[in-house]
There are 2 protein chains.
Amino acid sequence: MHPNDPILRSFVEVAPDSHFPIQNLPFGVFSTDADRAPRVGVAIGDRILDLAALEEAGLLAADPSGGRVFARRSLNPFIALGRDAWRQVRVRVSELLRHDSPILRDDPALRARALVPMAGARAHLPVEVGDYTDFYSSREHATNVGSMFRDPKNALLPNWLHLPVGYNGRASSVVVSGTPVRRPNGQTKEPTADQPSFGPSRKLDIELETAFIVGRGNALGEPIPVDEAEGHIFGMVLMNDWSARDIQQWEYVPLGPFNAKSFATSISPWVVTLDALEPFRVPGPPQDPEPLPYLRQVDKASVDLHLEVALRPDGNADATTVCRTNFRHLYWSMAQQLAHHTISGCNTRVGDLMGSGTISGPEPDSFGSLLELTWNGRNPLALAGGGERSFLEDGDEVTITGWCQGDGYRIGFGEVTGRVTPALG
Amino acid sequence: MHPNDPILRSFVEVAPDSHFPIQNLPFGVFSTDADRAPRVGVAIGDRILDLAALEEAGLLAADPSGGRVFARRSLNPFIALGRDAWRQVRVRVSELLRHDSPILRDDPALRARALVPMAGARAHLPVEVGDYTDFYSSREHATNVGSMFRDPKNALLPNWLHLPVGYNGRASSVVVSGTPVRRPNGQTKEPTADQPSFGPSRKLDIELETAFIVGRGNALGEPIPVDEAEGHIFGMVLMNDWSARDIQQWEYVPLGPFNAKSFATSISPWVVTLDALEPFRVPGPPQDPEPLPYLRQVDKASVDLHLEVALRPDGNADATTVCRTNFRHLYWSMAQQLAHHTISGCNTRVGDLMGSGTISGPEPDSFGSLLELTWNGRNPLALAGGGERSFLEDGDEVTITGWCQGDGYRIGFGEVTGRVTPALG
């Protein structure tokens, strides 16, 4: 049976609204108090299947040459084995988790060792990120920003409809969900001030994004054609590209954002494979003007992936959902992003992280940043339990979640969350 | 005796204009036909001292815990040992190479094994680069670019004198000197055209830069103070940040250069330590307005480092020196760059590469790019042996070299060279 088949069930109990049914099987890296060595696992319901334990038990062999790829602190060695290996492992894990498969189900000792409660586990960064690139592929986001800071009548810059604009981000500060985010200090300049001043950012913001992880690199000088690009993608995560708008505004001309975004970029711990997303592929928005030939894509370019952002102030019991949107609004696809990125001959490597850019939809409550949701602070958001927000305050916790809704099940991404801590004094 | 003492001599013969006298001792990674395993060496005259061979012979122990740090394919494990280890190894290597030290001098078998002719060795990338950052710290360069593309009367942007502007570069395409550079394809748009077009860059350029290598990282959220920054720097290399000006012009607003610079960045193979440069430290240019406190530096911020660029067309016997300049012209220092980079809390790691930005001096023949030297192609350069150049043509070989001139000796960087090959058809 195909591992995406909706009829499949696992002997591990999975709630209907769980993000991790047997049809998903996302990969991540975790550790536990009992075993502090980070290792590779697969999420199933509210459990983690420990692939290192299965490998050790002789039930899972991903590397034909006999190497251990799951008792490792990142997914990179596994990913480097290639797409055939990803698919074989996903099929094998699906078989082992099926309700009618006795191997794991009926072996209490192995189950105790290999099925770890997620609640007691610690998530680690799933990949060692070589380079981190961030695109700017939401037309609605680019239009909102252009309207606010430039000219509402010419909000999109001339290049925007011709190429997926992107920039190089900082790889060292990519952190896993749950890592606290310290408010950055930096230079800012008020429009009316003569001189810049120094201090904590007063416009700390989020960016709702997804990112894909490169599963197969390309050699320097050898671009990836757009119709082969998805074969180079291992999977996707949720991402919050924390941004200090006031620092950004002062620093970004002419070389782009730097300190405003280099202090933290949070990603979700579970990498959802493109294979698991296959049933939810949809066409992207129409592209007019037609892109140059190296960017023309005929496949279903997008994914019907619902996304939400929730904000919970320190001490509040309840979070407020401040944004509901969908990945399918994105104008430029992942394949187009990767084809454009490499058309110069730029090489990519296993584990490279490529962000979508802020994902905003057409409705005001579908914007993917506080900058847009509050229109640069002019229209603060009301919060459940009282209070309002223009930008983030110390103690605020931001959680992004996302899932594809199937018939009676969800292919979910879990969440990426982070709490703001005060700036250094 | 201090390893910088000009009186020191080696039993290895060193020509007076050699870049690698016993006072220098730069670190790199090399291999030979006889031993294809990349390993760490130190340049001395026209030889390489094989530190892995010395380590194996029990003559050099850098790691107090007994680990092997020189039989490795990058300098990172050695650098990670910290500044005390760098200094102890430099002192020890200096002692072993002195004309009056018999240990290596009088052991023909060890000499044959440990002193490798540089001409027969292959240079490798000296460090594994985590993140690559490029600054924009030459006032003359920023003024030239601003004059050409914006407004000669307001050439410097408002932020430029207040902070060292920088951007994140692409780490995957950092290559060692000698690696061929394929002309990139990409989107460009003529000012008079309605639509962009696709093809090989017609404005392929160089950027004369230096770069420093981070020797000691900082934790996320914990900035490096400016007066401690140099303690975090291992050493410096020469760098050519190849740039496609026509691709850059079309893509760079608003997020900065991307495909225009991601296809190759070449660095020299020998890392010259800050310790070796100590005798050549000089103050940088006066800074007015005074920088904010986190950027104020009281030490000698710069280095008297002479730099040259030579261009040799395919088939020409002679190269033409097209630029002569000096590192000391740079407005923002390495310490200021690193302090600014981390003031947001951004973490750095051993092996991170941080470029100076194009180094231009005040005279027209001291500009560090063809863009400036030819004023965007309007004033082509005459070449020795005939012909002229506005931008690079296929087959052109560009070589950057640089050295500090001592009394009768040079602390040199060797060279970074690369030859342009045709674009993919």
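How much area do chain B and chain A bury between them? About 5,400 Å², with 59% of it on carbon and sulfur atoms. Keep in mind that this is a predicted model.

**Stop 1: the interface.** Show both chains and select the contact residues. Chain B contributes 59 residues, and chain A contributes 59 residues. Now pick Arg170(B), Leu255(B) and Phe258(B). In chain B, these lose the most area to chain A, together 15% of what that side buries.

Stop 2: Four salt bridges run between chain B and chain A. For one of them, select Arg170(A) and Asp131(B): their side chains meet at 3.5 Å, N to O.

**Stop 3: the elements behind the contact.** Colour β6 (132-135), β7 (166-168), β10 (185-188), β11 (197-200), α7 (245-251) and α9 (334-342) of chain B. Each supplies at least two residues of the side that touches chain A. The largest share, three residues, comes from β7(B).

**Stop 4: the open sheet.** Stay in chain B and select the five strands in the order β4-β3-β2-β1-β5, which pair antiparallel. β4 (115-117) and β5 (121-124) of chain B each have a single partner strand, so one side of each lacks a neighbour in the sheet. From one strand to the next, the twist averages 50 degrees. Zoom in on β1 (27-32) and β2 (39-44) of chain B, joined by four bridges. Here Phe30(B) stands opposite Arg39(B).

Technical notes. Residues numbered from 1 in each chain as written. Chains lettered and ligands numbered in written order. Predicted model: local features only at pLDDT ≥ 70, side-chain atom pairs only at ≥ 80, totals over all residues. Heavy atoms only, no water. Pairing = 2+ DSSP bridges. Axes fitted to C-alpha atoms, helices over the stretch in contact; angles between N-to-C directions. Contact = heavy atoms within 4.5 Å. Buried area = accessible area lost by both parts, 1.4 Å probe.
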